[in-house]
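Visitor: Could you walk me through a few spots in this model?
Guide: Gladly; have a look at it first, and then ask away.

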Amino acid sequence: MIPAKATLPLRVVFPILLAYTALSIPGHYYHELGLEEGQQYLFARDSHSLAGLYHNMRYEGHPRGWCVLLYGIIHFITPSLTAIRIFHLAITITTVYLFLRFAPLRHWIKIGFVFGYYFLFEYNLQVRSYALGILLLFATCRLLADPARHLPFIAVLLLLLCNTDIFYAFAAAGIFLYLVMGYARENRLFTAPVCLLTVFFVLGLTCTCIQAQIPREDYIVHSRVGAGLSRENLSSASLALAAGWLPLPGDPAHFWNTFWIGRPGPVAILRTVLALFFLLFPVALLRTHTRALVFYYFSLFLLLGLLMASGFGAARYFGMVVIYLLAAWWLAGNEAGGVLPVRPVLRPVIGIVVLVQLAAGLFAWEQDLARPFSQASNAVSWLKARGLNGQPVVVNGYIAGPALSVYLGKKIEYLNTGGEGSFCLWRQSYFPTHAGTIAGQLAAMPDLSRLDRFLLLSSSAVDRSLLTDGAAGFRFAPLQRFTDGILPTEDCYMYQATRMMEH
């Protein structure tokens, strides 16, 4: 078991946890849903069976575990967004408790990361699958303090990790390798507990691989696997390493998924240097703990490989670099029997990282409190206050639609697809290079012919000719606009469409 010196006393844990909760509650209250959160809610809301949920998520490429939980809550308990936020907050608070109480790290390091960017904002205020994955991973790390005693539970956790998100399937693979190395060293590979562990992990990995299958013929993301270690692919990897540890915003007004370290020019050289440094830093930190390092680098290279092959670049992906190392650090502390000593030369580095995480986290929390994350909630509230929300809604700007659909509580019509829907499907045909005019897209929607009026909600201002000339037999009058949200792609310009009188 972990000695007491690695455990933070409850008299210290609870005040920190209370402060974290005190910041999180208003954060959740004022946070507006964006595309990613809206997607996962809508998969659950608008699927009429688990089979339907599985089919609707076919373009996601991720396991369905989190959305299955949402499906159960929405269909059998309550569709309330508040209830789902409370459920998610309970997950993050439990995760923070486990980390503060049991992770064998210096107390100031744990407190710094808890109030840093990922724990305070990215994986806390945004209701998605990542918090659940961190909870499962940290619970696994805790049980690995005594693997012989807890191996059946660890096997179940690996299965759950594989079905939560693909990034946690990478971590599960690293944990499995970590355990196999330990049992091989003890000549206990072919024992019943290890066989049970293997069965559960292989089952989980099989589930991940099956759920990762995407219809490739019309998928919006084109694989860059063939490019190998090209400059573009290496640039994706270097950004993940540098921005993951130092998530300073590139655009303070629209901070989410913008990275100062991602700028071109001289900063690119600094990014490369920092990426190499953070690639090697775990070796200096964990040095003699080979199995913990194997876990970290195996999980990390799977993550970087996916980012290089897909070209994905977002804070939620880059944050996994930090989560993997915290888990590896925990594993090394388990092996050491307590808090792992940090070499004096590394303390300034860790201090700088913690300060940057704190600054980025508190800045993101404050901005999200002060300004709308997306404008969907404001737009729908304005419509409801005037009794306009009962009209059919047509949306221009595909990725702005899911949040609007959530707050409206109904499906909407998309110009991109030419029909009714709620969540986005990542089909290339729905994101054409040249979409044509709004007037042309409206004329191609047969469902509009039976309407006398509807609302047009657009993520950008429409062409003035639409207001002067009309389209598809409708005239358009501006109602209101909501702009300057943190997500510029989810601003909302609202127009009343009324059928023209025939002469």
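Guide: Before we start, contact here means heavy atoms within 4.5 Å, and please bear in mind that this is a predicted model.

Visitor: OK, which residues does Glu37 touch?
Guide: Leaving aside residues up to four places away in sequence, Glu37 touches His31, Glu32, Leu125, Gln126, Val127, Arg128 and Phe373. Glu37 itself lies in helix H2, which covers residues 35-45.

Visitor: And is Glu37 buried or exposed?
Guide: Glu37 is buried, yet it has no salt bridge. The nearest side chain of opposite charge belongs to Arg85, 4.6 Å away, whereas a salt bridge requires the nitrogen and the carboxyl oxygen to be within 4 Å.

Visitor: Switching topic: what volume does the second largest pocket have?
Guide: The volume of the second largest pocket is about 360 Å³. Its lining has 17 residues, and the closest to the centre are Leu234, Ser235, Ala237, Ser238 and Thr272.

Visitor: Which elements give two or more residues to that lining?
Guide: Those are helix H12 (231-245), helix H13 (266-286) and helix H14 (290-310), with H12 giving the largest share, seven residues.

Visitor: How do the lining residues divide into nonpolar, polar and charged?
Guide: There are 11 nonpolar residues in the lining of the second largest pocket, along with three polar and three charged ones.

Visitor: Last one: how many residues of H18 are buried?
Guide: Eight of the eight residues of H18 (residues 401-408) are buried, among them Pro402, Leu404 and Tyr407. Just after H18, Gly409 takes a positive phi of about 75 degrees.

Methods: Residues are numbered from 1 along each chain as its sequence is written. This is a predicted model: local features need pLDDT of at least 70, side-chain atom pairs count only at pLDDT 80 or more; totals for chains, interfaces and linings use all residues. Side-chain values use heavy atoms; hydrogens and water are left out. Helices (H or I, at least four residues) and strands (E, at least two) are DSSP runs, numbered from the N terminus. Buried means under 20% relative accessible area, exposed over 50%, partly exposed in between (1.4 Å probe, protein chains only). Lys and Arg count as positive and Asp and Glu as negative; His and the chain ends are not counted. On a 1 Å grid over the protein atoms alone, a cavity is a set of points where a 1.4 Å probe fits but cannot get out, and a pocket is an open set with protein on both sides within 12 Å along at least five of seven lines; lining residues have an atom within 4 Å of a point. Grid points are joined across faces, edges and corners, and a volume is the space filled by probe spheres set on the points. Ala, Val, Leu, Ile, Met, Phe, Trp, Tyr, Cys and Pro count as nonpolar, Asp, Glu, Lys and Arg as charged, and the others, Gly among them, as polar.
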